[in-house]
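Please look over the chain shown here before reading the notes below. They are grouped by topic.

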Amino acid sequence: MYLKELKIWNFRKFSQKSNEEPGLRVGFNDNLNIIIGENDSGKSTIIDAIKLTLSTTSDERKLLTEKDFHNSKNGKHDNIRIECVFSDLNEQEAGIFLEWLTFDEQKNYQLEVRFTANIINEGHMSGRIFKTTKAGPSNADFFLDGLAKEIIKATYLKPLRDAENELKPGISSRLAQILRSHKKFKSNDDETHPLEEIMLSANEKLKEYFDSPYDKGRTLIGDLSTHLDEFFSKPKHSDEIYSPKFEVSKTNLQSILKRLSLELDDNTSGLGSLNLLFIAAELLLLNDKDFIGSNLTIVEEIEAHLHPQAQLRLLKYLQESLVKNGEVNNTHSGQFILSTHSPSLVASTPLENVILISDSEAYPMDSNSTKLDKEDYEFLERFLDVTKSNLFFARGVILVEGDAENLLIPTIAEIIGRPLHKYGVSIVNLGNTAFNRYSKIFCRSDDWLNKGLPDLKLPVSLITDLDIKPIQQYSKSAKQYSIENQEQLINLEDKLELNTPLNFDNYSFEDKVFEKISDIRNEINFLYGSNLKADKNEDIDIICGKSVTKEFLEELEKRKIERLKKEYSRNSNLKVFISPKWTLEYSLALSSINVELAKSIHEARFKEPYNNRNAAVWNTMREDIVFGDNESADLAYKIFKPLHKKNVSKAVVAQLLAKSLKEKSLDIKSEIEDDEYLSYIIDAIYHVTEPKLQEEK
């Protein structure tokens, strides 16, 4: 059996819906679950809700206070309700929970465990909180007891803050709690535990030692008794006689365990090593659990005081404990629910095991909940690294395709008064144009939405280049090759005598533009398994070739912008922002900051950009920009040409330009905000920061 779903009403930040549905639903995988999200998103609340409902193997007591009851605009709620729904019970488990069983929609066994808490608001009991834990169908549930209550308990690894003290002896020793819950330390009431026998024997030997004479028949106990006789009044017949004795420990098991410590060796250990020792101790309870029951382990903030490599080793161990030789490991099998702030852990975890908490909702990333398909998961598993994983911990995300955008956009955001770090926005450099795969992470599946579950509200901006070259890139005799409509497609199909019909459903040809005949021929061969030879070039040229004109390119630009916006309009939170011309840098060359761009290109191109010879080159370029009569597109092409020819690094130019813009931020703020060639960047920034602005208002 495993914890399939958690439902929360009026617990801390999660209230309840207007239709009295739970304020939060979390669906879990039956093996590994990584709960992630920004600070204060509710990760710890989820962990505590499970602990309150199921309890833990170490019998940790979680106190409930009035602060735990949700406080809304309409006032504080006086009731909390939490439900844990278990599924996939085997016959033995179903027998244990027979009195409390329900059934899901597929008529499979299901167990609903329900925690409720109520505040009394009247009378002499006012302020008291009454808690109950029951199981069974709603309105017909009753208390769990005995073995049924015991086997749903979770093993809990608390956030690691001071492992050294946790492993020391003391009244509230965590080590004692762990050991007391282990079956090696459980015995019947009428049995003496072996540890108690050891301590009885040790105390007897101590008594013999201190009763033994050391100087002319004197003993330490005798000396102590002599002194005590002077301190106490002479005893009467009814008075208790005080007799001192030395002991290693009280001989009951609980006292013995509270006096134990756990150490690595005699050398001083660092906090990280002690934390790993602490985790190993906690996992004793996991290994100790019988196979029946949920075998659920909750790990809260496992990254605290553990460096990334130790985090990964721990996660690898937990993953391997679920499977052994490709099969379920019955010794360590179970379900893990981990909360984390660590991008390293997220990057090392299959995306299907991730649950994102955002805007008081839980969004599992499994294939039933997103629009990602098998190939997308495989791709993201290869390329969703630590840097890109920070998108899961943000209040907004900007996806870009290169270093230049990654360096410049944060600078532009600061200039217009919307610094991304202040608004909790992550900018993620994909290093390519794999927007389609990454964007699906933020898109809920049709099955998800058809159940009435919420769409993901996390705002995402996709910033991409138009990638259609300007007229200056072509000679007067140049042609472009494109398929613009269904009629043209049919004509091409007839001419080429293809076995497989061409169609727009298999592939979107509308704004695909090819510079050579062979490019479109190769594309058709790849898509349709054809084997077109070069002798078909003339047929393709007649039907698909067009002379390159400014008007033709403008039409292509319009079509591509429309297609991209349609393609990425899957949900309202995700929007695509496209450079108005060719690329980011070419659009910058058309913009009001083209002087700064040209200067940055010049400085990146020459080691000594302002010696006599190079200074003359820069002065000529600057005069052309400021005083020249060149058409803006011709000038932009001239500025951009060293980047296009790869004479300079785009990243270096972007770094220099960002520095230059920061120095002039006050002078150029209004120009940047009003520039038509920069508006797509401004709009992208506003899309991911506007929700935060509304909250502040």
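In this predicted model, helix α21 meets helix α23 through Asn 594, Leu 597, Ala 598, Ile 601 and Arg 605 on the α21 side. The α23 side of that contact is made by Leu 635, Ile 639, Pro 642 and Leu 643. Sorted by type, the residues of this contact are seven nonpolar, one polar and one charged.

**Helices α21 and α23**

- Two packed helices are described by the angle between their axes and the distance between the axes.
- Helix α21 covers residues 594–605, and helix α23 covers residues 632–644.
- Their axes are 10 Å apart and form an angle of about 30°.
- Angles under 35 degrees count as roughly parallel, so α21 is roughly parallel to α23.
- The crossing of α21 and α23 is left-handed.

**Helices α22 and α23**

- Helix α22 is made of residues 612–626, and its axis comes within 10 Å of the axis of α23.
- The two axes cross at roughly 155°.
- Angles over 145 degrees count as roughly antiparallel, and α22 and α23 are therefore roughly antiparallel to each other.
- The crossing of α22 and α23 is left-handed.
- From α22, the residues in this contact are Met 621, Asp 624 and Ile 625.
- From α23, the residues are Leu 635, Lys 638 and Ile 639.
- By type, the contact of α22 with α23 holds four nonpolar residues, no polar ones and two charged ones.
- Leu 635 and Ile 639 of α23 meet residues of α21, and Leu 635 and Ile 639 also meet residues of α22.

**The chain as a whole**

- How many helices and strands does the protein chain have? There are 26 helices and 23 strands.
- The protein chain has 697 residues, and 47% of them count as buried.
- Consider contacts between residues at least 6 apart in sequence: 74% of these join residues at least 24 apart.
- The chain exposes about 36,500 Å², and carbon and sulfur atoms supply 47% of that area.

**Leu 492**

- Leu 492 belongs to helix α16, which spans residues 486–496.
- Is Leu 492 buried or exposed? Its relative accessible area is 0%, so Leu 492 is buried.
- Neighbours within four places in sequence aside, Leu 492 is in contact with Ile 483, Leu 502, Ile 524, Ile 540, Ile 543 and Cys 544.
- Ile 542 is 50 residues away from Leu 492 along the chain, and the C-alpha atoms of the two are separated by 9.3 Å.

**Phe 552**

- Phe 552 is part of helix α19, residues 550–567.
- With a relative accessible area of 8%, Phe 552 is buried, because buried means under 20%.
- Which residues does Phe 552 contact, leaving aside its neighbours within four places in sequence? They are Gln 480, Ser 482, Glu 484, Lys 546 and Ser 547.
- One of these contacts, Gln 480, lies 72 residues from Phe 552 along the chain, with 9.3 Å between the two C-alpha atoms.

**Ser 342**

- Where is Ser 342 found? Ser 342 sits in the loop between strand β15 (335–339) and helix α11 (343–347).
- Ser 342 has 6% relative accessibility, so Ser 342 counts as buried.
- Apart from neighbours within four places in sequence, Ser 342 is in contact with Glu 303, Gln 311 and Phe 393.

- Most residues other than glycine have a negative phi.
- Arg 12 is not a glycine, yet Arg 12 has a positive phi of about 55°.
- Arg 12 lies in the loop between β1 (2–9) and β2 (24–27).
- Asp 467, also not a glycine, has a positive phi of about 60°.
- Asp 467 is placed in the loop between β20 (460–464) and β21 (479–481).
- The relative accessible area of Asp 467 is 42%, so Asp 467 is partly exposed.

Technical notes. Residues are numbered from 1 along each chain as its sequence is written. This is a predicted model: local features need pLDDT of at least 70, side-chain atom pairs count only at pLDDT 80 or more; totals for chains, interfaces and linings use all residues. Side-chain values use heavy atoms; hydrogens and water are left out. Axes are lines fitted to C-alpha atoms, for helices over the stretch in contact, and angles run from 0 to 180 degrees between N-to-C directions. Helices (H or I, at least four residues) and strands (E, at least two) are DSSP runs, numbered from the N terminus. Angles under 35 degrees count as roughly parallel, over 145 as roughly antiparallel, 65 to 115 as roughly perpendicular and the rest as oblique. A crossing is left-handed if the near helix is turned anticlockwise from the far one by less than a right angle, and right-handed if clockwise. Contact means heavy atoms within 4.5 Å. Ala, Val, Leu, Ile, Met, Phe, Trp, Tyr, Cys and Pro count as nonpolar, Asp, Glu, Lys and Arg as charged, and the others, Gly among them, as polar. Buried means under 20% relative accessible area, exposed over 50%, partly exposed in between (1.4 Å probe, protein chains only). Accessible areas come from the Shrake-Rupley method with a 1.4 Å probe; for residues, only the protein chains shown count as cover.
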